[in-house]
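Dear colleague,

Please find below the structure that I am handing over to you. My findings follow directly after it.

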Protein chains: 4
Amino acid sequence: MTLTEVTRQITVPRPATADQAVLIVHGRDCTGIVSAVTSTLAEHGANIVSLDQYSDNPTGGEFFQRTVFQLDNSAATLPALEHDVAGRLADLGLEYRLSDRSVPKRVAIFASKSDNCLLDLLWRQRRGQLPMTVSMVISNHPDTADLTRSFGVPFFHVPSGGADKSAAEAEHLRLLRGNVDFVVLARYMQILSEGFVEEVGVPVINIHHSFLPAFIGAGPYAKAKQRGVKLVGATAHYVTADLDEGPIIEQDVVRVSHADTVEDLQRRGADVERAVLSRAVRWHAEDRVIRTGNHTIVFA
Amino acid sequence: MTLTEVTRQITVPRPATADQAVLIVHGRDCTGIVSAVTSTLAEHGANIVSLDQYSDNPTGGEFFQRTVFQLDNSAATLPALEHDVAGRLADLGLEYRLSDRSVPKRVAIFASKSDNCLLDLLWRQRRGQLPMTVSMVISNHPDTADLTRSFGVPFFHVPSGGADKSAAEAEHLRLLRGNVDFVVLARYMQILSEGFVEEVGVPVINIHHSFLPAFIGAGPYAKAKQRGVKLVGATAHYVTADLDEGPIIEQDVVRVSHADTVEDLQRRGADVERAVLSRAVRWHAEDRVIRTGNHTIVFA
Amino acid sequence: MTLTEVTRQITVPRPATADQAVLIVHGRDCTGIVSAVTSTLAEHGANIVSLDQYSDNPTGGEFFQRTVFQLDNSAATLPALEHDVAGRLADLGLEYRLSDRSVPKRVAIFASKSDNCLLDLLWRQRRGQLPMTVSMVISNHPDTADLTRSFGVPFFHVPSGGADKSAAEAEHLRLLRGNVDFVVLARYMQILSEGFVEEVGVPVINIHHSFLPAFIGAGPYAKAKQRGVKLVGATAHYVTADLDEGPIIEQDVVRVSHADTVEDLQRRGADVERAVLSRAVRWHAEDRVIRTGNHTIVFA
Amino acid sequence: MTLTEVTRQITVPRPATADQAVLIVHGRDCTGIVSAVTSTLAEHGANIVSLDQYSDNPTGGEFFQRTVFQLDNSAATLPALEHDVAGRLADLGLEYRLSDRSVPKRVAIFASKSDNCLLDLLWRQRRGQLPMTVSMVISNHPDTADLTRSFGVPFFHVPSGGADKSAAEAEHLRLLRGNVDFVVLARYMQILSEGFVEEVGVPVINIHHSFLPAFIGAGPYAKAKQRGVKLVGATAHYVTADLDEGPIIEQDVVRVSHADTVEDLQRRGADVERAVLSRAVRWHAEDRVIRTGNHTIVFA
């Protein structure tokens, strides 16, 4: 028996997510929410796979709950369950969101010349690490067309030169509308207009190549070198009208020293960017991230 | 306004744990457990502060749940709640453990000559970081007596020389019996007999100065130097009859290099030992650790 | 043989630093500097223990070298060696600093009410981890007097209330002048005047409880909670006229989550503060840190 | 000006390594080695770019030095410099190795079905992060042929089924001999015979998917799950006759929890494997790793 065979034998297969759903509940905390949700699920024969819950103040704060449950024959039985959940939660004044895990989210990735984050996302998606469908890659440069298409993913080149981005953004909206559930800016390097973020109507995740709020804006590695910091980092966040100020999903850092040049910082930072963005995208695709105010609750 | 005043103003006080309790539920997974537990709590007006849950297999595996809840006037009302919880869980064939958070756990710390881990635990306990009462420190050396007593904690010197530890262990048992809820070996450096671990009747937590299962036994830093590893670590685990083989609670590592001497490894490792042991002790004191087989479930 | 005895046997003693010296060289890079320095050392029979070197540009940038060497009977022989080194380096237009490692640096620690960083430094110094003499602790509160004196270190209470700090600072200067080689602000929480920093005439190291340049100023943990960051950190830096803008010596971070309160962030951050400050102090005491512009070169 | 343009402007180009060489010196420590080496370099007009040095005992231990230097017109002038260095070091009884940095090392990568580590190495090499030429990829499976060839790298499929590997290894030797300076096993999953390791005549680097010496042998993630560890890791090491016992070059770990399945551990571990292997390969390609006994000195 080879090592490969040994490894294969002892590998436990990951449970499929067919017949699973995710329920997010959010609102003013009060006694009995968990009980109301879980007993409604139990009445429908749903088995809880995982349950995470958080209240920012046990006496009357904001309440957040994420419940993954298994439901036999969910395609047929989920609507009745949702009807009852909706009624029960309306009585308690709570909002909810229900996602069928057998239907992967659809994503558009925006890239620029660099294939750093783009390749990482495409490769992880193909290996089954990201439960999502990459519907398209959009770039203002043609450089990553071949790479993208080698993964069987459509590539659209939308040039975006000059001060006026309105033509490019109109083309973006035309491609995206109705086709995607979220957008990932994988080092897109172009500023999106406030109107675009509103009109696109789905969450947009960006990777910023610094530990925000340090080194906001362009050229963070050069600024980090200039300030002499001993760590450089990356931040994945939702895009809002305020550039670099949206809710943070994930951050990480890596140690650097005086001997690292700006190019060294970029190389080390690029590894962190990839890792941070892929975690943020996975968590979003698995409905683990809840936005509230300018923060996120991450049930990772 | 000084910096101190500014800081004090914006510091949010941690909610007190008076009128809070922790319920641990454990057993064979089936549909409706979370619902059964939370609806029983809701019937008694308990408000859930946090709920963690884990099943090692959603279809019929082992199920674990930790629920922290707030209950007004808990001293008077907790017994009735426990009565109902016990009945409900017995029907489902599940075990439970209920802890009143207003009653801190009592701990005995065993130390040797070094004050490294001992001082860290005493200091954190005094700062309110460890919800426990240090009932006594027991050591086979008198070196840490003054330090211990400066924290208002009783110190008992129980010499333990020679091959026969039975007299020392009898003295240990006499001191501990009825007085403590768990024991921490803070670099005690003496092997406890199998009989002692059974007779003491409360959990015993040890800190091992390596990343177990690497470098089992004595002298792990010397072995790490000899093997040329690039990281050294520490492991906090429950003590069982099998030395260094008990359920792991927490582990961490720190980067080292060829240039570090064995003494450097000890110095760097000592920082990790302290950090790992204090996390394990806090999690145990907060009922966040559940033992199952030779593993732990840690709801940290 | 007990575990303790086993460990003691395999522990290699750290080489003493008697008869060792540290030479720091700094200036415009050119061919032959390392050769000039090391051949001068060799001519005096000095044996190089370690040599670190860095140039920010191999063709004509700034050059930095730290050399530790062993010299028999150094008390008698070091002056002649220094005379030759000084001449050789003057020819090359370079500056130098020579420290006899058998003479530990003298430090004053400024503290406030908290014993967090203070206790850590005193304890590490006593364990031989910090090659320095703690000459005194100065505080604007009497709270840590007993703790400090239990380590055999003088404690001076200098109240510092009100807007006018000049009386307090005059008292500080009176205590420090001629008595210390550097100052450590161990969470002192009072802003030092620009004049004080100039007049004190020795390096002053501060610990800031954030990952600078993020969250400059007061209340960084509250700000971090408000911004929803996923890591909190600490920064040790030299104090300059620009508050929180001095050269960074060391930084580190720790992971936090949405569930951490401001008090949790403070508790987790306090561990990082201690670790970062103690590393920075050790590196400074061992002449491993070279200031250049607003940066540091750290040969750690 | 777009963000891209801004970034491009402030990016400092990495200094080219043309006209640079690396000199490794190794042997019994004595007074004057650094001086002898650096003065010989200075006599030839070489400018030191970086110098690292380590002695495991300042009074008569093993001495190691790595010096990178710049030499104008090195193709013509390096031979004379080497002649003098060789003579000087022979007098001192020291060994040396001199590498011209303008000639990248040639590597063969062995892969199996997985493209995890393979893609990472090919991609980093193309981005200029690894100063080496990938001469060929050899695999016992055809799965990664297209991927490899898309990077312009030759791919050879050498089946290796059955107990007798001698035919496969003969084919490996035929392909490698004279063509490569080192070999990387990028999750090759086949055990190499002792004879092969000897005959191949160049260093062979392997990535083991655990924190060695924990979980030696096959199936480390399953073993880690079974032991309930809280961290999983990876180890890059030189291959010797003793499987999993060769000199360690680099290690790292990632935090896991009870909730991670074996497949989760594999996914998280795969990220660490890639990172650890790429660092080890880069350090080897840059002559930063010196083997001594069963250890490595890494001047990273």
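How many salt bridges does the rule find across the interface of chain A and chain B? The number is 0. Please bear in mind that this is a predicted model.

Polar contacts do occur across the interface of chain A and chain B, where 3 residue pairs qualify, both partners being at pLDDT 80 or more. On the side of chain A that touches chain B, helix H2 (33–43) and strand E2 (47–55) each contribute at least two residues. E2(A) gives the most, with 6 residues. By class, this side of chain A comprises 8 nonpolar, 10 polar and 1 charged residues.

As to extent, 19 residues from chain A and 19 residues from chain B take part in the contact. About 1600 Å² is buried between the two chains, with 53% of it on carbon and sulfur atoms. Within chain A, the most area is lost to chain B by A:Asn47, A:Gln53 and A:Pro58, which together account for 30% of what that side buries.

I would also draw your attention to B:Asp244, which lies in the loop between strand E10 (231–238) and strand E11 (248–255) of chain B. B:Asp244 is buried but has no salt bridge, and the nearest side chain of opposite charge, that of B:Lys223, is 7.4 Å away. The side chain of B:Asp244 makes a polar contact of 3.3 Å with the side chain of B:His208, and it reaches the backbone nitrogen of B:Gly217 at 2.9 Å. Leaving aside residues up to four places away in sequence, the residues that B:Asp244 touches include B:Leu212, B:Ile216, B:His237 and D:Arg227.

With kind regards

Technical notes. Residues numbered from 1 in each chain as written. Chains lettered and ligands numbered in written order. Predicted model: local features only at pLDDT ≥ 70, side-chain atom pairs only at ≥ 80, totals over all residues. Heavy atoms only, no water. Helix = DSSP H or I, 4+ residues; strand = E, 2+ residues; numbered from the N terminus. Buried < 20%, exposed > 50% of the residue type's maximum accessible area, 1.4 Å probe, protein only. Lys, Arg positive; Asp, Glu negative; His and termini not counted. Salt bridge = Lys/Arg side-chain N within 4 Å of Asp/Glu carboxyl O. Polar contact = N/O pair within 3.5 Å; in protein donor to acceptor, adjacent residues only side chain to side chain. Contact = heavy atoms within 4.5 Å. Buried area = accessible area lost by both parts, 1.4 Å probe. Nonpolar A, V, L, I, M, F, W, Y, C, P; charged D, E, K, R; others polar.
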